[in-house]
Amino acid sequence: MLKNILKIALRSFWKTKSISIINVLGLSLGIALCLIIALFVRNELSYDRHFPNAERIYRVTSDIVFGGKTMNMTFAPAPMADALVEELPEVVASVHFRNQGSFLIKRYEDNIKENKVIFAGKDFLEVFAIPLVQGSRQGALDEPNTMMISQTMADKFFKGENAVGQSLILDNKTDYKITAVYEDIPENSHFDFHVLLAAEGLPEAKSPQWLGNNFQTYILVRPNADQQEMNQKIAAMADKHLTPVLKQVMGEEFTLEKFRESGNKVEYALQPLLDIHLYSDLLGEFKANFSITYVYLFVAIAVFILLIACINFMNLATAKSSNRAKEVGVRKSMGSGRGDLIFQFMAETFLMSFISFMLAIFIASLLLPFFNELAGRDLSIPLDKVGFYIFLLLGATLVGLIAGIYPAVFLSGFKPAKVLKGDISNGMKSSVVRSSLVVFQFSISIILIFCTIVLFSQMNFIQNKNLGFSKDQIVMVHDLYALGEQKQTFKQEILGSPLIEKGTLSGFLPVSGTNRSDNPWWVMGRDIQDQENMVSIQNWKVDFDYVKTLGMKMVQGRDFSLDFPSDSSGVIINETAVRNFNFEGDPIGQKITTFSGNNVTGLNTEELEVKTVIGVVENFHFESLKENIGAVLMYVDPNPSGIASFKFQSQDAQEVLQLLESKWKELAPGQPFTYEFLDDRFASMYASETRIGKVFAAFTGFAIFIACMGLFALTAFTAEQRRKEIGIRKALGASVSSLVFLLSKEFTKLVLVAFVVGAPLAWWGMGKWLEDYQYRVDLGFGIFFISAALVLLISWSVMGLQSFRAANSNPIDSLKSE
């Protein structure tokens, strides 16, 4: 019996080779795309699960509102790590991290620059029990100036040697002894550092100060510890430690109740390690996370693509119904029951499904490298895993069932008396089923097209928005500390070249990954016990040429100038700061005050720092466009460091780089020369959205292509059903163009209905997505028009081709049997 079923299936396949090939290819492409998305989603869901006891590890997060500024951060005070172990019985161990940027590392002569370096607390291996390749777990980070390195770093500096006990020199000044070598942390981690430095050597790690939030803190808790209960205990612990410190600063009359009543708050909570990659987008993330929203989006795309491919399978199967109708009639006349026919057609579908799945693996292997490049991932098909083949088997069975059940029921329902006379109509013509399939397919296509247009429009809006500063033709030279005392010499000699227009030295730049420092300031003379007088503001160290180099616009007062020695105590603030300070009268000349350095132990005037406002700069974006522009204060640093930024003419880029590198090597021999363009750094702030946009556009293109195959099938089916009508109309003188219009107008109406259904859903969804951006593109009529025009153009092209072929056929072929 199975042999007979297989023989009939192969005969049917061979009899309609072209449609069968389209059938298999369309289904294979849909399955291949779903397979790629499944691998991607599986990878995103796997983040941090490789850590032992990952479900028992939590990160401390902070939610702070103070001085008119809201900060949701990954940072906590330095003493919190130890306090959690001492005061919460649920906590087994804790570790805190302090990220101080990149380091120059060398063994002997030449340095290399390493970005993946961080200071870690001594109990790192208690919380993150990563495997060691060399060394002991005991006391690996207990002593100052000790370090753990990854296998990659060990191979880089000590290939074929035992690295434990040897030393590396950091930033040309400090020897760090290697105590252990650990296996490289997998890429599917929310951090993947290659060098862990003992935080025991950091003075701030020992600070008892609860007002500073500059450490990322993680804890390992006991099994079955309740997160909500621990959050309540952490809140009580923080209140206990913060109250006396704030009383010293704000006065003995200070209470947390008054603090909160004025709209301020300082709250800490636990975040599960396994939630970080998909559910966290806080200030201070170790690297850009993904979003569970995008995971749901890609799952939805996979489901839609698979459904569209299955619907196409149904349409193509029913489109060739006339070729099987007489077969069904004869077999029913010979005694075959409907169940036997359904079994036969389902068997054929399952065969097609299994063939499609095998072909899908090949297609996916061809597409996966392109997907990896677009998505910034390193995915591979797990051909060596038994579970993968079980998944394929179950998937092929499910797809075969979904794709085959309707055609099997449809084809087996033909009446022998009718089909043997040539009447194959069975309710499909102008049916709700066919119309629903077209509307569904093109509603999804419209949603995908609309979303893609909006996503790229927002990215284009970001790239072209007036940011309040110039990001173009500015090159950033990193690691100025490698120049020692010759930083100013480097700047002046570079400025002496006609290739360079302007230059500045500052580690504080209006792009991510550069320095930030936030302190409370108030207008001199105002009572800081009234907490509304305190303003939380960014404090940026700059030089005299900063504003000019970055093309910022002064709206009041003046820029810093060497002609005014008093500028050493002057500040320039932005418009947001003016608004937050709520000055009485002109802000120019106003004096503002903060605590000197890190000293917040009292209100003694000797411990305060006073600055005079000399200018107001137009607001500029220094964080993501998802955020409102915050308050910024700039003052001249007599010893600037961090990054040298130079403005140049665009046509001179290569010559400028050669000039910078040659001068660097002259002044800092043996030190790596690293540079970056400011606009590239700005673009990297939106790298995740850009990647998502490209991937989304690719899958949208494939989904539309598959949907068009379905439209092609339905147009073919309509032409098949109306072939005699077309022949009669043509014999009576109908033109080809009128016949093309006749065959296309019904589907055009359905595509328009699909637009009415899909466009509002897409508008609502993208409106929700854009809510994350404080500065965003408008969802105007133009986007709807472009989406509709694209869908109609694509659908007309597909329908027109098939309709033209049908209208151009010889009427004799369709009427000769009449």
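The tour below takes the labels in turn, each with its value and its cut-off.

Visitor: What kind of model is this, and how are residues numbered?
Guide: This is a predicted model, in which local features need pLDDT of at least 70, side-chain atom pairs count only at pLDDT 80 or more, and totals for chains, interfaces and linings use all residues. Residues are numbered from 1 along each chain as its sequence is written, and side-chain values use heavy atoms, with hydrogens and water left out.

Visitor: How many helices and strands does the chain have?
Guide: The chain has 24 helices and 25 strands. Helices (H or I, at least four residues) and strands (E, at least two) are DSSP runs, numbered from the N terminus.

Visitor: What makes a residue buried or exposed?
Guide: Buried means under 20% relative accessible area, exposed means over 50%, and partly exposed is in between (1.4 Å probe, protein chains only). Of the 818 residues of the chain, 52% count as buried.

Visitor: Why is Leu-392 called buried?
Guide: Its relative accessibility is 6%. The limit is under 20%. Therefore Leu-392 counts as buried. This leucine sits in helix H12 (residues 386-412).

Visitor: What does Leu-392 touch?
Guide: Leaving out residues up to four places away in sequence, Leu-392 touches Phe-357, Met-358 and Ile-361. Contact means heavy atoms within 4.5 Å. Leu-392 and Phe-357 are 35 residues apart along the chain, with C-alpha atoms separated by 7.1 Å.

Visitor: What makes a set of residues a nonpolar core?
Guide: Its members are buried Ala, Val, Leu, Ile, Met, Phe, Trp, Tyr and Cys residues, joined through side-chain atoms within 4.5 Å. The largest one here has 114 residues. Those with the most contacts inside it are Phe-298, Phe-371, Trp-540, Met-552, Met-634 and Phe-699. Helix H14 (residues 432-464) gives the largest share of this core, 14 residues. A second, separate core has 35 residues, including Tyr-58 and Phe-75.

Visitor: Which residues are in contact with Phe-371?
Guide: Setting aside neighbours within four places in sequence, they are Ile-36, Phe-40, Leu-379, Val-695 and Phe-699.

Visitor: Where does H11 bend?
Guide: The bend is about 35° at Leu-367, and Pro-369 follows within four residues. A bend is the angle between axes fitted to the seven residues ending at a residue and the seven starting there. Just after H11, Gly-376 takes a positive phi of about 70°.

Visitor: Why are the buried residues of helix H15 said to line one face?
Guide: H15 (residues 487-495) has Lys-487, Phe-490, Lys-491 and Ile-494 buried. They fall within an arc of 95° seen down the axis, so they line one face of the helix. The arc is that of the directions from the helix axis to the C-beta atoms. An α-helix has 3.6 residues a turn, so residues three or four places apart point the same way.

Visitor: What covers those residues of H15?
Guide: The cover includes S15, strand S16 (500-505), S24 and helix H18 (653-667).

Visitor: What makes S15 and S24 a pair?
Guide: Two strands pair if DSSP finds at least two bridges between them. S15 and strand S24 (residues 644-648) have four, in the antiparallel sense. S15 and strand S25 (residues 675-677) have three, also antiparallel. Met-476 stands opposite Ser-645 in S24 and opposite Glu-676 in S25.

Visitor: Which way do the residues of S15 point?
Guide: Ile-474 and Met-476 point one way, Val-475 and Val-477 the other way, and all are buried. In a regular strand the side chains alternate between the two faces of the sheet.

Visitor: Asp-479 and Asn-172: buried or partly exposed?
Guide: Asp-479 has a relative accessible area of 5%, so Asp-479 is buried. Asn-172 is at 31%, so Asn-172 counts as partly exposed. Asp-479 lies in the loop between S15 and H15. Asn-172 is in the loop between strand S10 (167-170) and strand S11 (174-182). Phi is positive in each, near 60° for Asp-479 and near 65° for Asn-172.
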